[in-house]
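Open the model in your viewer and keep the selection tool ready. We will go stop by stop, and each stop says what to select and what is there.

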Amino acid sequence: MNRCQDKRPSATSLLLLVVLLAGCASKPYETGPAINASAFKQIVYTLAAPKMQGRDAGTEGIELARDYVLDTLVRVDLKPAFVIDGKPSYTQPFDIPVGVDADGVTILARIENVGAILPGVGSLADEVVVVGAHYDHVGFGDVGARDKERKGELHPGADDNASGTAGVMLLAQEFALRKRCPAMPRRTILFTCFAGEERGLLGSRFMTNHPDQWAFDGTKVVGMINLDMIGRLRNDELYLFGDESGRQWRQWTIAANRALEVDLKWDVRAPGGSDHTPFIAFGVPAIFFNTFIHPEYHTPSDTPDTVNNEGGARVLSLVAALLEHTATTRERVDYVPPKLPKPRPYLGVRMESHERGVLLAEVPEGPMKKAGALPGDVVLSIEGKPMKTEGDVRTWLNSKSSGDEVAVTVLRGEETIELKVRLDLRR
């Protein structure tokens, strides 16, 4: 990656440095000028632009996205995160199958994780905290499209996951500038963006399967923060997954949230579905920030104009405070090995937020469909308990058993209907 090593900090970066040096002393963490809605918006629009081609493996677009992320990390003078063939590197390349040719031969595409480290200071410097997000998406919908009728159209992936990638880039700028503040013990921070998430968490799996390629001791990674779809903050509701993997995650996040007062939703499901899970399997406590699924997910309608840039900046302010604490407190996050998930009842629906309750966006085969539920119904209450968010429904389900018959009150148009639903286990 010699083409990047001659980069110098931009005029903008130098200006931010002057501002930070003016008041960075030893005050409690305060979000600096790098994290703001305008900067967040600019990155999202760049990564979701048509020239990025939906950032799928095997496209020129994913290479453009890689270079854009890479340039930002190098420009603020971070160090290479990998050692490839004995040489320092900001990228970690690997090949993945993307199809077969006419002769049945597997077609491989080379993609690259991007990573840079902010070296630590003092007695904590050999320990590492990871901040990550995936920068790939589904291209033109050949893999992962939710609306099969729109395959072949560009899927920009603004929220998924230009938003999380923007988060990593802005946090890297923020903390890289803060390093000029008076020295205090601080862990090394790895800022990384994964490729291949949409094809099965391939980038994060490759990274954790090859700690020999890290430019630091893989046994010293003490925590991981994952940002995936943080661009659609609605009703101030921020969802967190995987906090059970670290004993202090919830306590520290609540403390970091005091100044922002975002409505934290602690999901009760076993952690899964994004790049934090390979780290948990690797033995690292990891927490996942997400503003939850929406109708535009994995469709051509996941466009930059639908992103809540102010909300994204708020999420990053919270994450920055949590990262600051995780990197500087002498206390380490205690890893809690994941338990095998117990079978639990399910309703068999895809839910979305609604001003009146919880919208049933899709009702495939399952207990709710058997009970007569229809797409568009809004769940108002279950067993008389109001259901305001998807998290309320999941928390309630966690307390139930297979075979229970429950009363679910739904709003259909202007008519209130009570359904009798017999719960079953997911097969």
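Select V222 and show what surrounds it. Leaving aside neighbours within four places in sequence, V222 is in contact with E127, V128, V129, R187, V284, P285, R332 and V333. Contact here means heavy atoms within 4.5 Å. V222 is found in strand β8. Helices (H or I, at least four residues) and strands (E, at least two) are DSSP runs, numbered from the N terminus. Is V222 buried or exposed? V222 counts as buried because its relative accessibility is 3%. Buried means under 20% relative accessible area, exposed over 50%, and partly exposed in between, with a 1.4 Å probe and protein chains only.

A word on the model before the next stop. This is a predicted model, where local features need pLDDT of at least 70, side-chain atom pairs count only at pLDDT 80 or more, and totals for chains, interfaces and linings use all residues. Residues are numbered from 1 along each chain as its sequence is written, and side-chain values use heavy atoms, with hydrogens and water left out.

**The whole chain**

Zoom out and colour by secondary structure. The chain comes to eleven helices and 19 strands. Of its 427 residues, 55% are buried. Take the contacts between residues at least 6 apart in sequence: 75% of them join residues at least 24 apart. The chain exposes about 18400 Å², and carbon and sulfur atoms supply 50% of that. Such areas come from the Shrake-Rupley method with a 1.4 Å probe; for residues, only the protein chains shown count as cover.

**The nonpolar cores**

Select L78, L171, F191, I225, L227 and F289. These touch the most other members of the largest nonpolar core, which has 70 residues. Helix α5 (residues 158–178) gives the most to this core, with ten residues. A nonpolar core is a set of buried Ala, Val, Leu, Ile, Met, Phe, Trp, Tyr and Cys residues joined through side-chain atoms within 4.5 Å. In soluble globular proteins, nonpolar side chains tend to be buried together.

Centre on L227. Which residues does L227 touch, not counting those up to four places away in sequence? They are V131, G132, A133, N161, G164, G167, V168, L171, F289, L316 and V319.

**Along helix α5**

Select N161, which lies in helix α5. A cis peptide bond joins D160 and N161, with omega at about -5°. Move on to E174, also placed in helix α5. E174 counts as buried because its relative accessibility is 0%. P33 and E174 are 141 residues apart in sequence and 7.5 Å apart in space, C-alpha to C-alpha.

**Loops**

Go to Q53, in the loop between α3 (37–47) and α4 (60–75). Q53 counts as partly exposed, because its relative accessibility is 24%. Beyond neighbours within four places in sequence, Q53 is in contact with T59, E60, G61, G139, F140 and L154.

Next, select L201, in the loop between β7 (188–194) and α6 (202–209). L201 is not a glycine, although its phi is positive, about 55°. At 8% relative accessibility, L201 is buried. Then step into α6. Its buried residues are G203, S204, F206, M207 and T208. What covers them includes β2 (82–84), β4 (91–100), β5 (106–118), β7 and α8 (276–282).

Now find N235, in the loop between β8 (221–227) and β9 (237–241). N235 has a positive phi too, near 55°, and is a residue other than glycine. At 60% relative accessibility, N235 is exposed.

**The cavity**

Last stop. Select R232, R234, E237, Y239, T291, F292 and S353, which line the largest cavity. About 40 Å³ of space lies in it. On a 1 Å grid over the protein atoms alone, a cavity is a set of points where a 1.4 Å probe fits but cannot get out, and lining residues have an atom within 4 Å of a point. Grid points are joined across faces, edges and corners, and a volume is the space filled by probe spheres set on the points.

Definitions and conventions. 1 Å grid on protein atoms, 1.4 Å probe; cavity = no way out; pocket = protein on both sides within 12 Å on 5 of 7 lines; lining within 4 Å.
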